[in-house]
Amino acid sequence: MDAALYVLAAALIVAGLAGAVLPVLPGIPMIFGGIWLAAAVDGYRHLGPWWLGGIAALGALGVALDFVASALGARHVGASRAALWGATLGTVAGMFFGPPGLLLGPFLGALAGELTAGNSVLRSAHVGAGTWIGLLLGTLAKLAISFVMVGLFGLAMLVG
């Protein structure tokens with residue numbers, strides 16, 4: 001039974017790493033769930049409350065950075081509420097078109113949202129680019145934190 005639970009924990013961690021890039025999966029919570037499951041199966045011998053608390057705090061920071069980065073990118077260029085909604089819808093719609101959709105969806109959504117708010121094409125493109133850069137930076141931060149979480153898990157399993 002332990003082997004099956006370890007496989008499930010590994011699957012959660014791998015799917016969570018994919019979720020760090022794909023907005024449809026809650027990447028960081030899945031990674032933490034896999035780490036916690038592995039720690040529980042191990043009887044918390046290698047990953048005690050301090051390790052888990054530190055990894056959880058890092059995960060919470062990653063989730064917060066993901067939300068804040070996109071909002072900061074949009075706010076930095078003065079995006080309207082419609083542009084923020086457009087970027088969100090563009091991200092969701094872009095998932096169905098693979099990597100090009102994930103790259104272009106937020107930009108096109110913010111562009112369309114800003115255009116519906118009555119701004120010029122140039123202004124809308126500027127807002128779209130700012131929103132896209134914020135989303136990209138948030139995703140990169142989330143991915144980096146995800147790898148640090150997995151690295152800390154591996155370190156704890158080795159030395160804990």
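Reply: Start with the whole chain. Buried residues make up 36% of its 160 residues. The model is a predicted one.

Me: What makes a residue count as buried, exposed or partly exposed?
Reply: The relative accessible area decides. Under 20% is buried, over 50% is exposed, and partly exposed lies in between.

Me: Why is Asp42 called buried?
Reply: Asp42 has a relative accessible area of 4%. The cut-off is under 20%, so Asp42 is buried.

Me: Why is Arg45 called exposed?
Reply: Its relative accessibility is 62%. Exposed means over 50%, so Arg45 counts as exposed.

Me: How do you know that Asp42 and Arg45 form a salt bridge?
Reply: Look at the gap between their side chains. It is 3.1 Å, N to O. The rule asks for a Lys or Arg nitrogen within 4 Å of an Asp or Glu carboxyl oxygen, so the pair of Asp42 and Arg45 qualifies. By this rule the count comes to one salt bridge.

Me: Why can such side chains pair?
Reply: Side chains of opposite charge can pair when their charged atoms come close.

Me: Where is Tyr44, and why is it called partly exposed?
Reply: Tyr44 sits in the loop between α2 and α3 (49-76). Its relative accessibility is 38%. That value falls between the 20% and 50% cut-offs, so Tyr44 counts as partly exposed.

Me: What makes the link between Tyr44 and Trp36 a polar contact?
Reply: The side chains of Tyr44 and Trp36 are joined at 2.9 Å. The limit for a pair of N or O atoms is 3.5 Å, and one must be able to donate a hydrogen and the other to accept it. The pair is therefore listed as a polar contact.

Me: What else can be said of Tyr44?
Reply: Leaving out residues up to four places away in sequence, Tyr44 touches Trp36, Ala39 and Leu52. It has a positive phi of about 60°, although it is not a glycine. Tyr44 and Gly160 are 116 residues apart in sequence, but 9.5 Å apart in space, C-alpha to C-alpha.

Me: Which residues of the largest nonpolar core touch the most other members?
Reply: This core has 15 residues. Phe32, Ile35, Leu47, Leu52, Ile55, Met149 and Phe153 touch the most other members. The elements giving two or more residues are α1, α2, α3 and α6 (121-159). The largest share, six residues, comes from α2.

Me: Which residues does Leu47 touch?
Reply: Beyond four places in sequence, Leu47 touches Ile35, Ala39, Leu52, Ile55, Phe153, Ala156 and Met157. Another core, of five residues, lies apart from the largest one; Ala74, Ala79, Ala83 and Val127 are among its members.

Me: How many helices and strands does the chain have?
Reply: The chain comes to six helices and zero strands. Read along the sequence, the pattern is α-α-α-α-α-α. The C-alpha atoms fill a box of roughly 60 × 30 × 20 Å along the principal axes.

Notes:
Residues are numbered from 1 along each chain as its sequence is written. This is a predicted model: local features need pLDDT of at least 70, side-chain atom pairs count only at pLDDT 80 or more; totals for chains, interfaces and linings use all residues. Side-chain values use heavy atoms; hydrogens and water are left out. Helices (H or I, at least four residues) and strands (E, at least two) are DSSP runs, numbered from the N terminus. Buried means under 20% relative accessible area, exposed over 50%, partly exposed in between (1.4 Å probe, protein chains only). Contact means heavy atoms within 4.5 Å. A nonpolar core is a set of buried Ala, Val, Leu, Ile, Met, Phe, Trp, Tyr and Cys residues joined through side-chain atoms within 4.5 Å.
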